[in-house]
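This briefing sets out selected features of the structure shown below.

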2 protein chains.
Amino acid sequence: MTAVAQTGRVAPGKPIGVLCFGGDLPVELAARALQANQPVFMVGFRGFANPAIETYPHVWVKLGQIGRFFRVLRQNAIERIVIVGALTRPSVRDLSLDWLGLWDLPRIIRMLRAGGDDSTLRRVVGYIEDRGVSVLGVSDIAPELLAGEGQLGRVAVGAEQENVAVGLALLDALSPFDIGQACIVLDRRPVAVEGVEGTDAMIRRVAELRSNGRLRVKGSRGVMVKAAKRDQDLRVDLPTIGPRTIELAAEAKLAGVAVEAGKALIADRAETLKLADRLGLFVVGVRRV
Amino acid sequence: MTAVAQTGRVAPGKPIGVLCFGGDLPVELAARALQANQPVFMVGFRGFANPAIETYPHVWVKLGQIGRFFRVLRQNAIERIVIVGALTRPSVRDLSLDWLGLWDLPRIIRMLRAGGDDSTLRRVVGYIEDRGVSVLGVSDIAPELLAGEGQLGRVAVGAEQENVAVGLALLDALSPFDIGQACIVLDRRPVAVEGVEGTDAMIRRVAELRSNGRLRVKGSRGVMVKAAKRDQDLRVDLPTIGPRTIELAAEAKLAGVAVEAGKALIADRAETLKLADRLGLFVVGVRRV
């Protein structure tokens, strides 16, 4: 496959540093980048990243080895990075500080402590960019990994389209607040809104409400809608669904899942869609108006 | 105590029918009404109402004995009713139908099945008013049971005022949707939004997120904010807090609880505020701007 200039994709050039946290996405992204002739250099965070990243040029660092981290980038002529994979918010105790880490400790503590996820992540990006490294998003390297528009699996959305619209409107209303961007709508009524607990826990809650009879509806009904906030920095915070999302949605007897087209990632896309087909759930990519 | 014309209170007259569901509120309301020289007649729903209602003139009915219910009202010259107490949404199976109940069954099923809590309750009110009985709210009979404005216990709100404001703004944004009107805000960030699970379960969720380290903050911080939707029919759906709310808020290590002044009920007020004082939580009544 030759490098094709796709919408959003950066032109191939010097290696891109892939800062690897949990799951398969770092490896998926690296494969796509190489297909587009873009070399990568994997920076695996110990305790987070999957050992499979070792298939590619790589180095392991610990959170807090900040001096080492920037040295690695410099030694490999890396001027652009992308941060991918699942990251549970680290605590100060998870840090293994080196000299630069210690030097910048007050700033780092402020980053981890302050406000919501939003502002924390934005500060991390600012900290990195202040040191002359640009931070890219998945969409700059492999836009094909993001959800497209319309029906993505074999099951059609049908009448659930109405619930999708209510969900999008609700998420829009919540957009000014620093809060997770997912909800579940059933019969045009929002039944769950995501807070700090995360998308999976929110879906599990609805499964429980249905099994204990607090939410009495028959059959597979309702949709989980996940979108980006209007001002969300997709370079560090990309709404993501995957096989586990589909499994949980099936347990909650939902009819399907809707994600914002072009602004959400479907991890393990093939497996996710196959599972949705098998369990009879729709997966749809929707655009906001 | 003589009858005093307080803001909102209806002038004493023919007995008011108090439709009694769970908890102490029906009895509290009856006591207040009598203090204001307003006779009451308790209609206890079997399986829901507290036997303590038998202190007052009363009758027991079952859900679905609709013919009997309207006969009781007529026989006791009751033209105005108030519906009070905790009601878990009944299923069709909970109904014990008499002839009028059977006659109106299709309409009743539609009422119980359709849409969210909001529309169901509004339909129940419409059904009763169509038969010439007016439905009052707690504020018409005992406005003093509703939360006042400002600090209600001994603990001051202090810096948490900022979180209260964020919570109110969030609930305002959610107001167009048929969804519970409560949220928890911590360090200006909403961490939980109430859905079908209800206020108690939402607070328990935050207690869990704090104890399992998903939500890492020290000390008593954050506020649970509860308000009415802008168009909420307070006659049938009055936001309520009570001692259990305070206990749960303490378990979630919140600093306090805010309710909408004049639009929320503090059940067992004396006990609720004493408990809040003892546990060091503020309770504040706030008005929307």
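Helices, of at least four residues, and strands, of at least two, are DSSP runs numbered from the N terminus. On that basis, chain A comprises 10 helices and 13 strands. The model is predicted.

**Chain A**
- Of the 289 residues in chain A, 43% are buried.
- Among contacts in chain A with a separation of 6 or more, 75% are between residues 24 or more positions apart.

**Contact between chains A and B**
- Chain A contributes 24 residues to the contact, and chain B contributes 24 residues.
- On the side of chain A that touches chain B, at least two residues come from each of helix 7 (161-174), strand 8 (189-193) and helix 8 (199-211).
- Strand 8 of chain A provides the largest share of that side, with 5 residues.
- The side of chain A that touches chain B consists, by class, of 12 nonpolar, 4 polar and 8 charged residues.

**Helix 2 of chain B**
- Helix 2 of chain B spans residues 66-75, and its buried residues include Ile66(B), Phe69(B) and Leu73(B).
- Viewed down the axis of helix 2 of chain B, the buried residues lie within an arc of 60°, and therefore line one face of the helix.
- An α-helix has 3.6 residues a turn, so residues three or four places apart point the same way.

Technical notes
Residues numbered from 1 in each chain as written. Chains lettered and ligands numbered in written order. Predicted model: local features only at pLDDT ≥ 70, side-chain atom pairs only at ≥ 80, totals over all residues. Contact = placed C-beta atoms within 7 Å. Nonpolar A, V, L, I, M, F, W, Y, C, P; charged D, E, K, R; others polar. Buried ≥ 20, exposed ≤ 12 C-beta atoms within 10 Å, placed from the backbone. Arc of directions from axis to C-beta.
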